[in-house]
Amino acid sequence: MRPYQIAGVAGCRWCLTDPGAEPGDPLRALADALCAKEVLGDLLSSIGVDAGLLRRTLADEPDLAAAQITASLNGLAGALRAEGGEEGPAVRLVLVVDPLEGLLSEDMPPPQRERYCRALTALAANGSAWVVAVLGSAYLNDVTLLGDLGSLAVGPGWMAMGAPPAVRI
């Protein structure tokens, strides 16, 4: 995304994560992905947060973890302001969770699913992260297992997408 394609947003850091990659601990996969150098690693390490600490904070205090991520993004926005003199540019995290149904597998312990869902809900509610979760239609009946995260998948928080035309595949 080029700067300012979205009003007031000077840039984005992108992250792709698969909650089913580590069935016993999806927060470890999320924290590792967020702490990758090209995502937020450089920003989080500047405030003393590594993947282990972020994982624990996401699990125990997801609102605090979201605030730490916001502080890191605000630091980057401040650096952009210093470089370009723009007033108030924002930097956002785009967190793509694909496939979300990894949380619904039988291998996923319910307490781990609940902590992961609370963490994603806190990130989405914070405003500095845009959470894009991909859920196959076969799992729509199970969305209630996702707690508050599932409730975000209604109204404007939901976009149904059909298969692309065969000529586009």
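In this predicted model, the side chains of arginine 13 and aspartate 42 are joined by a polar contact of 3.1 Å. Arginine 13 lies in strand 1, which covers residues 9-17, and its relative accessibility of 16% makes it count as buried. Leaving aside residues up to four places away in sequence, arginine 13 touches a list of residues that includes Lys37, Glu38, Asp42, Leu73, Arg92 and Leu93.

The largest nonpolar core has 38 residues, and those with the most contacts inside it are Leu34, Leu40, Leu54, Leu58, Leu93 and Leu95. At least two residues of this core come from each of helix 1 (26-34), helix 2 (37-45), helix 3 (51-60), helix 4 (62-84), strand 2 (90-97) and helix 5 (110-126), and helix 4 gives the most, with six residues. Leucine 54, again without counting residues up to four places away in sequence, touches Ala31, Leu34, Cys35, Leu44, Val49, Ala65 and Gln68.

How many disulfides does the model contain? The count comes to zero. A disulfide requires two cysteine sulfur atoms within 2.5 Å, and because the sulfur of cysteine 35 is 9.4 Å from the closest cysteine sulfur, in cysteine 15, that pair is too far apart for a bond. Cysteine 117 is likewise in no disulfide, as the nearest cysteine sulfur, that of cysteine 15, is 16 Å away.

| Residue | Relative accessible area | Nearest cysteine sulfur |
|---|---|---|
| Cysteine 35 | 17%, buried | cysteine 15, 9.4 Å |
| Cysteine 117 | 4%, buried | cysteine 15, 16 Å |

Definitions and conventions
Residues numbered from 1 in each chain as written. Predicted model: local features only at pLDDT ≥ 70, side-chain atom pairs only at ≥ 80, totals over all residues. Heavy atoms only, no water. Core = buried A, V, L, I, M, F, W, Y, C linked by side-chain atoms within 4.5 Å. Buried < 20%, exposed > 50% of the residue type's maximum accessible area, 1.4 Å probe, protein only. Helix = DSSP H or I, 4+ residues; strand = E, 2+ residues; numbered from the N terminus. Contact = heavy atoms within 4.5 Å. Polar contact = N/O pair within 3.5 Å; in protein donor to acceptor, adjacent residues only side chain to side chain.
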